[in-house]
Amino acid sequence: MEVYECLEHLMYERHSARTNDLFSDKLIHLANTLIDDHDLDDEKLEEMCVDTRVLYTDGTSSLLFCSPDRLADVASQVDLGLDLDDSTMIHLDDKHGDHSVFISTGFVSLMEFPLIILKRGLEALDFELSNDEVNNIA
């Protein structure tokens, strides 16, 4: 997971991140080696670390730049076992929340998303729920 976070950071820093509190010299070197060995340009890095790919039943696909909270919400719906029949709409977003995207589950065959983005969304959701519990007790 840390390698993907470092790859994402390097993508935004144009592969020249300095050692900081988040990443060691060794991790930055490893990530840069992966970038070089696999010819990962910014587009490929974005696809690996940021984009959500939705594969449709007709064989087409689309890439969305989903916000962490939308991915966490969709994952929670699936995890809770909510009845997702063909008429259920999945609410995603694009451009990191600037555009809402509604997709019928009947048209989706697979969703691929970066775990680091989902992790951020689940951590924020957990923090929000913890604060709600504290506020309800007080």
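Here are a few friendly notes on a helix pair and a sheet in this predicted model.

1. Let's start with the helices. Two packed helices are described by the angle between their axes and the distance between the axes. For helix α1 (residues 2–12) and helix α3 (residues 42–49), the angle is about 140° and the axes lie 10 Å apart. Angles over 145 degrees would count as roughly antiparallel and those from 65 to 115 as roughly perpendicular, and α1 and α3 are therefore oblique to each other.

2. On handedness, α1 and α3 make a left-handed crossing. On the α1 side, the contact is made by Y4, L7, E8 and M11, and α3 contributes D42, L45, E46, M48 and C49. Sorted by class, this contact of α1 with α3 has six nonpolar and three charged residues, with no polar ones.

3. Now to the sheet. Strands of a sheet pair through backbone hydrogen bonds, either parallel or antiparallel. Here the sheet is open and has three strands in the order β2-β1-β5, with antiparallel pairing. The edges are taken by β2 (61–64) and β5 (108–112); each has a single partner strand, so one side of each is left without a neighbour in the sheet. From one strand to the next, the twist averages 20°.

4. One pairing is worth a look in your viewer. Strand β1 (residues 52–56) and β2 run antiparallel and are joined by four bridges. Which residue stands opposite S61 in β2? That residue is L55.

Terms used. Residues are numbered from 1 along each chain as its sequence is written. This is a predicted model: local features need pLDDT of at least 70, side-chain atom pairs count only at pLDDT 80 or more; totals for chains, interfaces and linings use all residues. Side-chain values use heavy atoms; hydrogens and water are left out. Axes are lines fitted to C-alpha atoms, for helices over the stretch in contact, and angles run from 0 to 180 degrees between N-to-C directions. Helices (H or I, at least four residues) and strands (E, at least two) are DSSP runs, numbered from the N terminus. Angles under 35 degrees count as roughly parallel, over 145 as roughly antiparallel, 65 to 115 as roughly perpendicular and the rest as oblique. A crossing is left-handed if the near helix is turned anticlockwise from the far one by less than a right angle, and right-handed if clockwise. Contact means heavy atoms within 4.5 Å. Ala, Val, Leu, Ile, Met, Phe, Trp, Tyr, Cys and Pro count as nonpolar, Asp, Glu, Lys and Arg as charged, and the others, Gly among them, as polar. Two strands pair if DSSP finds at least two bridges between them.
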